[in-house]
Amino acid sequence: MFKFLLVIWVALASPAWSEVLQPVPPLVTHITDTLDLLPPGTRDALEHQLTTLETDKGAQVAVLIVATTRPEAIEQYALRVAEVWRLGRPGVDDGVLFLVARDDRRMRVEVGRGLEGALPDAIAKRIISDVVTPHFRQGDFAAGVVAGVAALDVRGRGEGLPVPAETSG
(Lines give C-alpha, C1' and ligand atoms only; values in the text may rest on other atoms or scores of the structure.)
Protein backbone atom coordinates (compact mmCIF):
# COMPACT_ATOMS: atom_id res chain seq x y z
CA MET A 1 0.00 0.00 0.00
CA PHE A 2 2.86 2.36 0.83
CA LYS A 3 4.40 1.91 -2.63
CA PHE A 4 1.04 2.68 -4.25
CA LEU A 5 0.66 5.91 -2.25
CA LEU A 6 4.25 6.88 -3.02
CA VAL A 7 3.65 6.43 -6.77
CA ILE A 8 0.48 8.55 -6.58
CA TRP A 9 2.26 11.28 -4.59
CA VAL A 10 5.18 11.41 -7.05
CA ALA A 11 2.83 11.55 -10.00
CA LEU A 12 0.80 14.40 -8.53
CA ALA A 13 3.89 16.33 -7.49
CA SER A 14 5.53 16.09 -10.91
CA PRO A 15 5.83 19.30 -12.97
CA ALA A 16 3.79 17.82 -15.83
CA TRP A 17 0.69 17.77 -13.64
CA SER A 18 1.21 21.32 -12.41
CA GLU A 19 1.65 22.96 -15.83
CA VAL A 20 -1.46 24.57 -17.22
CA LEU A 21 -2.06 24.31 -20.95
CA GLN A 22 -2.47 27.49 -22.97
CA PRO A 23 -6.13 28.21 -23.62
CA VAL A 24 -7.59 27.97 -27.10
CA PRO A 25 -9.05 31.38 -27.95
CA PRO A 26 -12.52 31.45 -29.48
CA LEU A 27 -12.74 31.42 -33.26
CA VAL A 28 -14.50 34.68 -34.14
CA THR A 29 -12.84 35.68 -37.43
CA HIS A 30 -10.24 34.19 -39.75
CA ILE A 31 -7.54 36.23 -37.95
CA THR A 32 -7.03 35.73 -34.21
CA ASP A 33 -4.13 37.94 -33.13
CA THR A 34 -3.90 37.66 -29.35
CA LEU A 35 -0.82 39.93 -29.30
CA ASP A 36 -2.07 42.70 -31.62
CA LEU A 37 0.99 42.24 -33.85
CA LEU A 38 -1.00 43.06 -36.98
CA PRO A 39 -2.08 46.63 -37.65
CA PRO A 40 -5.89 46.94 -37.99
CA GLY A 41 -5.67 47.67 -41.74
CA THR A 42 -3.56 44.57 -42.33
CA ARG A 43 -5.89 42.44 -40.21
CA ASP A 44 -8.91 43.73 -42.16
CA ALA A 45 -7.22 43.06 -45.52
CA LEU A 46 -6.29 39.51 -44.47
CA GLU A 47 -9.81 38.89 -43.17
CA HIS A 48 -11.22 40.01 -46.52
CA GLN A 49 -8.76 37.81 -48.43
CA LEU A 50 -9.58 34.71 -46.39
CA THR A 51 -13.33 35.35 -46.49
CA THR A 52 -13.09 35.60 -50.27
CA LEU A 53 -11.12 32.34 -50.43
CA GLU A 54 -13.76 30.61 -48.32
CA THR A 55 -16.59 32.02 -50.46
CA ASP A 56 -14.88 31.14 -53.76
CA LYS A 57 -13.37 27.73 -52.95
CA GLY A 58 -14.90 26.62 -49.65
CA ALA A 59 -11.50 26.23 -48.00
CA GLN A 60 -11.28 27.82 -44.57
CA VAL A 61 -7.91 29.23 -43.55
CA ALA A 62 -7.46 30.69 -40.07
CA VAL A 63 -4.48 32.51 -38.58
CA LEU A 64 -3.70 32.32 -34.88
CA ILE A 65 -0.96 34.43 -33.30
CA VAL A 66 -0.07 33.65 -29.69
CA ALA A 67 2.86 34.39 -27.40
CA THR A 68 3.60 30.74 -26.62
CA THR A 69 2.22 27.23 -26.84
CA ARG A 70 4.21 26.03 -23.82
CA PRO A 71 4.09 23.63 -22.10
CA GLU A 72 2.87 21.90 -25.27
CA ALA A 73 4.92 21.56 -28.41
CA ILE A 74 3.54 23.67 -31.24
CA GLU A 75 2.39 20.52 -33.05
CA GLN A 76 0.28 19.41 -30.07
CA TYR A 77 -1.21 22.87 -29.54
CA ALA A 78 -2.02 23.22 -33.26
CA LEU A 79 -3.88 19.90 -33.22
CA ARG A 80 -5.80 20.96 -30.11
CA VAL A 81 -6.77 24.27 -31.73
CA ALA A 82 -7.78 22.51 -34.95
CA GLU A 83 -9.99 20.10 -33.00
CA VAL A 84 -11.69 22.92 -31.08
CA TRP A 85 -12.10 25.25 -34.07
CA ARG A 86 -13.17 22.50 -36.53
CA LEU A 87 -11.83 24.36 -39.56
CA GLY A 88 -13.05 23.37 -43.00
CA ARG A 89 -16.25 21.86 -44.22
CA PRO A 90 -17.55 18.60 -42.76
CA GLY A 91 -16.81 15.71 -45.09
CA VAL A 92 -14.33 17.80 -47.10
CA ASP A 93 -11.89 18.66 -44.28
CA ASP A 94 -10.52 21.64 -46.20
CA GLY A 95 -9.35 23.73 -43.27
CA VAL A 96 -5.91 25.17 -42.61
CA LEU A 97 -4.51 26.63 -39.41
CA PHE A 98 -1.52 28.99 -39.69
CA LEU A 99 -0.17 29.23 -36.15
CA VAL A 100 2.52 31.68 -35.01
CA ALA A 101 3.99 31.37 -31.49
CA ARG A 102 6.07 34.56 -31.29
CA ASP A 103 7.99 34.02 -28.05
CA ASP A 104 8.73 30.39 -28.94
CA ARG A 105 9.95 31.51 -32.38
CA ARG A 106 7.90 28.68 -33.92
CA MET A 107 5.30 28.44 -36.66
CA ARG A 108 3.09 25.66 -37.89
CA VAL A 109 0.71 25.10 -40.77
CA GLU A 110 -1.84 22.43 -39.85
CA VAL A 111 -3.66 21.15 -42.95
CA GLY A 112 -6.94 19.24 -43.21
CA ARG A 113 -7.00 16.10 -45.34
CA GLY A 114 -8.99 17.78 -48.08
CA LEU A 115 -6.09 20.12 -48.85
CA GLU A 116 -3.17 17.73 -48.37
CA GLY A 117 -2.81 17.39 -52.15
CA ALA A 118 -2.30 21.12 -52.65
CA LEU A 119 -0.52 21.68 -49.36
CA PRO A 120 1.54 18.65 -48.31
CA ASP A 121 3.81 18.93 -45.27
CA ALA A 122 6.88 19.68 -47.41
CA ILE A 123 5.18 22.67 -49.06
CA ALA A 124 3.82 23.92 -45.72
CA LYS A 125 7.34 23.79 -44.25
CA ARG A 126 8.73 25.57 -47.30
CA ILE A 127 6.15 28.36 -46.97
CA ILE A 128 7.25 28.84 -43.37
CA SER A 129 10.99 28.71 -44.05
CA ASP A 130 11.19 30.50 -47.41
CA VAL A 131 8.21 32.88 -47.38
CA VAL A 132 7.40 33.81 -43.77
CA THR A 133 10.65 33.45 -41.81
CA PRO A 134 12.68 36.02 -43.81
CA HIS A 135 10.17 38.73 -42.86
CA PHE A 136 10.10 37.64 -39.23
CA ARG A 137 13.91 37.73 -39.07
CA GLN A 138 13.73 41.38 -40.17
CA GLY A 139 11.23 42.05 -37.40
CA ASP A 140 8.31 42.56 -39.80
CA PHE A 141 5.70 40.17 -38.42
CA ALA A 142 2.85 41.72 -40.41
CA ALA A 143 4.66 41.26 -43.74
CA GLY A 144 5.48 37.65 -42.80
CA VAL A 145 1.87 36.83 -41.99
CA VAL A 146 0.65 38.58 -45.16
CA ALA A 147 3.16 36.63 -47.28
CA GLY A 148 2.24 33.35 -45.58
CA VAL A 149 -1.48 33.91 -46.08
CA ALA A 150 -0.88 34.81 -49.74
CA ALA A 151 1.03 31.55 -50.27
CA LEU A 152 -1.72 29.54 -48.53
CA ASP A 153 -4.36 31.34 -50.59
CA VAL A 154 -2.63 30.40 -53.86
CA ARG A 155 -2.36 26.76 -52.76
CA GLY A 156 -5.98 26.62 -51.61
CA ARG A 157 -7.23 28.06 -54.90
CA GLY A 158 -5.22 25.48 -56.83
CA GLU A 159 -6.95 22.48 -55.28
CA GLY A 160 -9.98 20.87 -56.93
CA LEU A 161 -12.44 21.13 -54.04
CA PRO A 162 -16.20 20.62 -54.05
CA VAL A 163 -18.07 23.79 -54.95
CA PRO A 164 -19.12 25.77 -51.86
CA ALA A 165 -22.84 25.71 -51.08
CA GLU A 166 -24.76 28.84 -51.99
CA THR A 167 -25.72 30.92 -48.98
CA SER A 168 -28.86 32.98 -48.85
CA GLY A 169 -28.28 36.52 -47.74
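Me: What do the buried residues of α5 pack against?
Reply: In this predicted model, they pack against β3 (95-101), β4 (106-111) and α6 (141-157).

Me: Which residues of α5 are buried?
Reply: Ile123, Ala124, Ile127, Ile128, Val132, Thr133 and Phe136.

Me: Why would residues three or four places apart point the same way?
Reply: An α-helix has 3.6 residues a turn, so such residues point the same way.

Me: OK, what span should α5 have?
Reply: Helix α5 covers residues 121-137, which is 17 residues. At 1.5 Å a residue, α5 should span 24 Å. Its end C-alpha atoms are 22 Å apart, which agrees.

Me: Where is the kink in α5?
Reply: At Val131. The kink is about 30 degrees, and Val131 comes shortly before the proline Pro134.

Me: And just after α5, which residue takes a positive phi?
Reply: Gly139 does, with a phi of about 85 degrees.

Me: New topic. How many salt bridges are there?
Reply: The count comes to 8 salt bridges.

Me: Why do such side chains pair at all?
Reply: Side chains of opposite charge can pair when their charged atoms come close.

Me: Which parts of the chain does the Asp56 and Arg157 salt bridge join?
Reply: Asp56 and Arg157 meet through their side chains at 3.1 Å, N to O. The pair links distant parts of the chain. Asp56 sits in helix α3 (residues 40-57) and Arg157 in helix α6, 101 residues apart.

Me: Is Asp56 buried, exposed or partly exposed, and why?
Reply: Asp56 is partly exposed, because its relative accessibility is 43%. Arg157 is also partly exposed, with a relative accessible area of 32%.

Me: Which other residue does Arg157 form a salt bridge with?
Reply: Asp153. The closest N and O atoms of Arg157 and Asp153 are 2.6 Å apart. Arg157 and Asp153 are 4 residues apart in helix α6, so about one helical turn separates them. Asp153 is buried, with a relative accessible area of 7%.

Me: Which residues end up in one network?
Reply: Asp56, Asp153 and Arg157 do, through salt bridges that share partners.

Me: What about Arg80, which residue does Arg80 form a salt bridge with?
Reply: Glu72, with the closest N and O atoms 2.6 Å apart.

Methods:
Residues are numbered from 1 along each chain as its sequence is written. This is a predicted model: local features need pLDDT of at least 70, side-chain atom pairs count only at pLDDT 80 or more; totals for chains, interfaces and linings use all residues. Side-chain values use heavy atoms; hydrogens and water are left out. Helices (H or I, at least four residues) and strands (E, at least two) are DSSP runs, numbered from the N terminus. The expected span of a helix is 1.5 Å times one less than its number of residues. The bend at a residue is the angle between axes fitted to the seven residues ending there and the seven starting there. Buried means under 20% relative accessible area, exposed over 50%, partly exposed in between (1.4 Å probe, protein chains only). Contact means heavy atoms within 4.5 Å. A salt bridge is a side-chain nitrogen of Lys or Arg within 4 Å of a carboxyl oxygen of Asp or Glu.
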